[in-house]
Amino acid sequence: MSPSPALFTSMRGYRRSWAVADLGAAAALLVIAVPEQLATARLAGMPPVTGLYAFIAATVVFAMLGSSPQLSVGADSTIAPLFAVGIGSLAVAGSSSYIALVGILAVAVGVIVALVGLMRLGWIAEFLSAPIISGFLAGVAVIIVVRQLPDLLGLPGVNGSTLHRLRFVAGHIDEVSGAAVGIGVGMLAIVFVAERLDRRIPGALIGLVVTTVGVGILGLERHGVTVLGPLAHGAPDIGVTGVSWSTLRSVIPVAVVVALVVVSQTAATTRAFAGGGGHEADVNRDFVGVGFGNVLAGLLGAFPVNASPPRTAAVALASGRSQVAGLAAAAAVVLLIPAAGLLQNLPLATLAAVLIIVAFRMFRVGDIIDIARFDRIELALALVTLLTVALVGVEQGIGVAVALAILDRTRLSARPQLHVLGRIPATTSWAPVNDADRAAPTPGVLVVLFATPLWYANAIRFRTEMIAGIDRADAPLDLVVLDVIGMSDLDYTGSRALRQVLDHLEHRGITFAMARTGDHVRGSLERSGLLQRIGEDHLFASVDEAIVGLHTPKPPPHA
């Protein structure tokens, strides 16, 4: 069932007493959003003002269609490098063709994300495990920092791979502008000090104003400080241009990758802030809101948008109760757009510093350390993702990481453990016998727990270990019970392996039974003919029932 079409659901039951908190949250959101949207637009290779258009479009549409009362949607530095690289291979960044392609991309991303919500396919995002996401974010952070180095150092812009950009910076290090570096470092210091004093202090906005005014007064352009220059700040052009089948074929692969990241980040952000404002968030409805926000952003000549964890956190910390906070911030941005011309002296080093701050927040060193402590293979997944994203490409990084994760899960499923069970004294419960203080095997009986689907990848291992366990039993066996509580599936190859185990037991004259067999496995047994061979009367609801029903203890030998 798709989300219902009701509008502004996050504002149902709105109370007048919430207005003060929402307006305070709007102010907190505004001071973060303005510099971030301008910086992200530049990272995306788009005119700076389109970042403001993206924020307005995404915020208004999400307030109408989304469920989360605090989620903030707009330009996002996580996905900007993705489509900047993908579309940059089709057109020169900043050109009219590039801007048109990015608009088409935003609409395509929006349609995909909205369909995910309408069809309730949010589980797709679960293919990106936590280590993959950590590695992906770290890789994107590296890309952001490397892309901003020329602006931070006052060097000419450069295109190409991460390594090419680093080589360019290293080769032109003697051309670094001290004034540009000073502005960038000063901006970083302002934000750092503001956050240490009080996170509510708008350090980024203060730095933006101070550096812009300072450049204009001191004439620092003459000392190697590059500025935004005159920028368009009128009404956006509505619609998309250049749509064709060949264009869509070029754009769709990039759109799918961006949409996957949008879905993952939106789901994570929605769940992290679920329950805010007294509402239970609906992830699929939020996909619809973010999806159509992308569509409108594309139609306004902007670029793909995404849920923002930092901006959402700012709304939550400011006690925002509903999407009124976002709508008020969007309205303020609309009023600020006519004054965007005042930003022509905004140094690019300032925007570079803003993005570098964002990048450092994305590179979660603590998460990488936790993963390393937990498992080396999962650490390898994170590092492979990081390096592939940073050095090869975002799409390739996600593809390689997901493929490796699936292979790792397949490897584990193909090497399941068979646990020999014993009875816990004075109970009818059975547990692995390696718990030596409690569970003890029953003479003449072998009870094996196989708690995973039996399929072609693990069938040979199952057969080999079952037969080996039967043959190395300490005493002659009368009964083997297979506990299949975790066997949710049995495929044809698995049924053949089970048949070979039955052949071995029949040759040895040992009785066989199964415990806790689910309906799905029972159906597979029937289709394979094994159910008739095993017998309905040898399928039991518990291990203990099988033992009681089929095993007769032998009397102890006379002394």
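**Note on helices and nonpolar cores in a predicted model**

1. The model under review is a predicted one. Because 15 of the 17 residues of helix 2 are buried, this helix is largely enclosed by the rest of the structure.

2. Helix 4 (residues 96-118) comprises 23 residues. From first C-alpha to last, helix 4 reaches 33 Å, close to the 33 Å expected at 1.5 Å a residue. Arg 120, which follows helix 4, has a positive phi, near 50°.

3. Thr 40 belongs to helix 1 (residues 19-43). Its relative accessibility is 0%, so Thr 40 counts as buried, the cut-off for that term being under 20%. The side chain of Thr 40 comes to 2.8 Å from the backbone oxygen of Glu 36. Leaving aside residues up to four places away in sequence, Thr 40 is in contact with Ala 75, Asp 76, Ser 77, Ala 80 and Leu 355.

4. The largest nonpolar core holds 89 residues, and the members that touch the most others are Phe 83, Phe 136 and Phe 303. For Phe 136, the contacts beyond four places in sequence are Thr 78, Leu 82, Val 261, Thr 385, Val 389, Val 394 and Ile 398.

Definitions and conventions
Residues are numbered from 1 along each chain as its sequence is written. This is a predicted model: local features need pLDDT of at least 70, side-chain atom pairs count only at pLDDT 80 or more; totals for chains, interfaces and linings use all residues. Side-chain values use heavy atoms; hydrogens and water are left out. Helices (H or I, at least four residues) and strands (E, at least two) are DSSP runs, numbered from the N terminus. Buried means under 20% relative accessible area, exposed over 50%, partly exposed in between (1.4 Å probe, protein chains only). A polar contact is a pair of N or O atoms within 3.5 Å; within protein, one must be able to donate a hydrogen and the other to accept it, and residues adjacent in sequence count only if both atoms are side-chain atoms. Contact means heavy atoms within 4.5 Å. The expected span of a helix is 1.5 Å times one less than its number of residues. A nonpolar core is a set of buried Ala, Val, Leu, Ile, Met, Phe, Trp, Tyr and Cys residues joined through side-chain atoms within 4.5 Å.
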